[in-house]
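Q: Can you walk me through this structure? I'd like to start with the inside.

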Amino acid sequence: MKTRLFTVILLCSIVVSLAANGARDDAARQHEVVVYTYDSFISEWGPGPELVKLFEAKTGLKCTMIDAGDGAQILSRAMLEKKAPQADVVIGIDNNQVQAARKAEVLVPYKPAHADTAVPAELRLSDDWLLIPYDWSYFAMIYDTASNVPAPTSLADLTKPEYAKKIILMDPRTSTPGLGFVAWTAAVFGDSYLDYWKALKPNVLTMAPGWSTGYGLFTSGEAPLVISYTTSPAYHVEYGEGARFQAVLFDEGHPIQIEAAAIVKGAPNKSGAELFIDFLISEEAQRVIPLTQWMYPVNPAVELPASYAAAPKAAKTVTVSNETLSEAVDAVTALLAR
């Protein structure tokens, strides 16, 4: 009898202890905002570390940023955790993923404070603010002027024999720049985009898993051309590297990337997530973007650094629907796998 009584008391103690620990964990979580983002965002030279420092000083909350893969993988991570969300905020979903983000049903709309003045109408991704823009730029090919090949003047030029194994792209299934390049080709070539990719395939050195890997290969001299942004040359100018790496503009136009943040459905700290989104589009946070993210801030009140004179703006933009892009990604990846 004593043994049974002791066992009951012990089990009750364990249950009470677990409940107390759970309560402490829940309480601690209300003082922390967990953000899923991508590697370059949280690298020592990216905006993440400075944004964390500013947000924590402003709110008194702890902010933990976690590398969840490249842009296209962040949504997948949130979907995997749909039944038990771990993150409060996701950063890095872009305009080419709006339909996928809505279909996934893992995000909730939130219109941040001062959104009407902080985010211009032309950069907003939806009326319900499911995705909140924080930066933008144009996709473009970046060309190494020290190479022994001429600068291309169009997407069609990239299929020429002189560019054999001289182009670095990114996987559209894992990388938003990779997704953006597929969107670009689908917008320009329409129904014949696969014919274009057949001609382009011999000239692709690699399909890197993400932007950081691909751009790193480019700057280390592995190839003279890489898909990136018109704002990328500003980085090289800012750090005294001159005008060696340049964005080439094509007459057929360029796609825009608008990167966005969102609140996770069932976020453990929804109020903290809202504070973070409010902060992300504030002037204080947006001033961090140009010299760390190397993209344009969405907040029009932020003045650009002088190095952005090296960032040309496209005269024409091109777009393709999310539905068409989804089909194109499947077709292109199947083609490249053959």
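A: The largest nonpolar core has 64 residues. Val89, Val90, Ile91, Leu107, Leu131 and Phe276 have the most contacts inside it. A nonpolar core is a set of buried Ala, Val, Leu, Ile, Met, Phe, Trp, Tyr and Cys residues joined through side-chain atoms within 4.5 Å. Buried means under 20% relative accessible area, exposed over 50%, partly exposed in between (1.4 Å probe, protein chains only).

Q: Which strand gives the largest share of this core?

A: Strand E10, residues 256-264, with 6 residues. Strands (E, at least two residues) are DSSP runs, numbered from the N terminus.

Q: What kind of model is this, and how is it numbered?

A: This is a predicted model: local features need pLDDT of at least 70, side-chain atom pairs count only at pLDDT 80 or more, and totals for chains, interfaces and linings use all residues. Residues are numbered from 1 along each chain as its sequence is written, and side-chain values use heavy atoms, with hydrogens and water left out.

Q: Back to E10. How many of its residues are buried?

A: 8 of the 9 residues in E10 are buried.

Q: What does E10 pair with?

A: Strand E5 (residues 132-144) pairs with E10 over 6 bridges, antiparallel. Two strands pair if DSSP finds at least two bridges between them. Strand E3 (residues 89-94) is joined to E10 by 5 bridges, also antiparallel. There, Ile93 has Ala260 as its bridge partner.

Q: New topic: Val33. Buried or exposed?

A: Val33 is buried, because its relative accessible area is 0%. Val33 sits in strand E1, residues 32-37.

Note on methods:
Helix = DSSP H or I, 4+ residues; strand = E, 2+ residues; numbered from the N terminus.
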